[in-house]
Amino acid sequence: MNYPPKHHQDNDKAHLYEVIKTYPLATLISIENNKPLITHLPLILEGEKLIGHIDINNPQAQLLKDSNDVTILFSGPECYISPSLFSTTQLPTWNYIKLHLKGHVKAIESKAALKQSLITMTEFLETPDHKYVLEPDNPRLDRNLNYIEMFEIEITSWEGKFKLSQDKKPKDTESARTELIRANQKSIKQFLDTLF
């Protein structure tokens with residue numbers, strides 16, 4: 001039987017923050033007329049709020065205001081875990097790190113705040129090398145401000161799902177961890193090689 005994921009609650013927020021910082025590309029879900037609208041975009045954690053930007057032509061942009069409800073998913077590493085990795089008899093499983101958040105979204109209408117937020121997000125995403133700096137006087141940045149909307153999400157609920165073979169013996173948990181690292185590195189290369 002699969003071991004249920006370990007759920008992280010508020011007392012483990014440091015781990016949850018780390019997922020957002022390391023894997024900032026979120027799946028943002030809004031509901032309109034009982035239909036989900038889904039966008040994938042980076043979100044940056046500022047205090048207890050998530051900050052994001054969306055193209056004004058994205059249909060979901062109209063829902064990212066007025067304290068509308070949103071669901072946000074962040075995904076960390078994942079992979080299949082073969083029973084052959086363990087020192088005792090086990091069944092196949094899948095290890096993963098996921099984060100499910102709910103919140104209320106508010107539009108930020110200030111173009112100055114939007115501009116600064118885009119600069120700040122670029123700086124965050126360029127960490128640690130900072131090979132590129134988005135300069136405030138970049139004319140392309142100024143031309144695009146009218147086509148981007150900024151929003152912030154007040155987080156109302158956090159749920160971390162960390163399924164990492166933590167019910168196994170320490171040696172087997174470490175084997176599963178090593179496999180998670182190896183499989184993610186190998187599968188990314190193999191996948192990209194098939195695409196181009």
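Biologist: Which residues does leucine 101 touch, not counting residues up to four places away in sequence?

Modeller: Heads-up, this is a predicted model: local features need pLDDT of at least 70, side-chain atom pairs count only at pLDDT 80 or more, and totals for chains, interfaces and linings use all residues. Residues are numbered from 1 along each chain as its sequence is written, and side-chain values use heavy atoms, leaving out hydrogens and water. Taking contact as heavy atoms within 4.5 Å, leucine 101 touches Ile20, Leu50, Val70, Thr71, Ile72, Phe74, Ile155, Ser157, Trp158 and Glu159.

Biologist: Which element gives the largest share of the largest nonpolar core?

Modeller: That core has 23 residues, and Leu101 is among those with the most contacts inside it (a core is a set of buried Ala, Val, Leu, Ile, Met, Phe, Trp, Tyr and Cys residues joined through side-chain atoms within 4.5 Å). Elements giving two or more residues include helix 1 (13-22) and strand 7 (93-108) (DSSP runs numbered from the N terminus: helices are H or I, at least four residues, and strands E, at least two). The largest share, five residues, comes from strand 8.

Biologist: How are the rings of tyrosine 17 and tryptophan 158 arranged, and what is the angle between the planes?

Modeller: Rings of Phe, Tyr and Trp (its six-membered ring) pair if their centres lie within 6.5 Å; planes under 30 degrees apart are stacked, over 60 edge-to-face, the rest tilted. This pair is edge-to-face, 5.5 Å centre to centre, with the planes at 65°.

Biologist: How many residues apart in sequence are the parts this pair ties together?

Modeller: Tyrosine 17 sits in helix 1 and tryptophan 158 in strand 8. So the parts tied together are apart in sequence by 141 residues.

Methods: Buried < 20%, exposed > 50% of the residue type's maximum accessible area, 1.4 Å probe, protein only.
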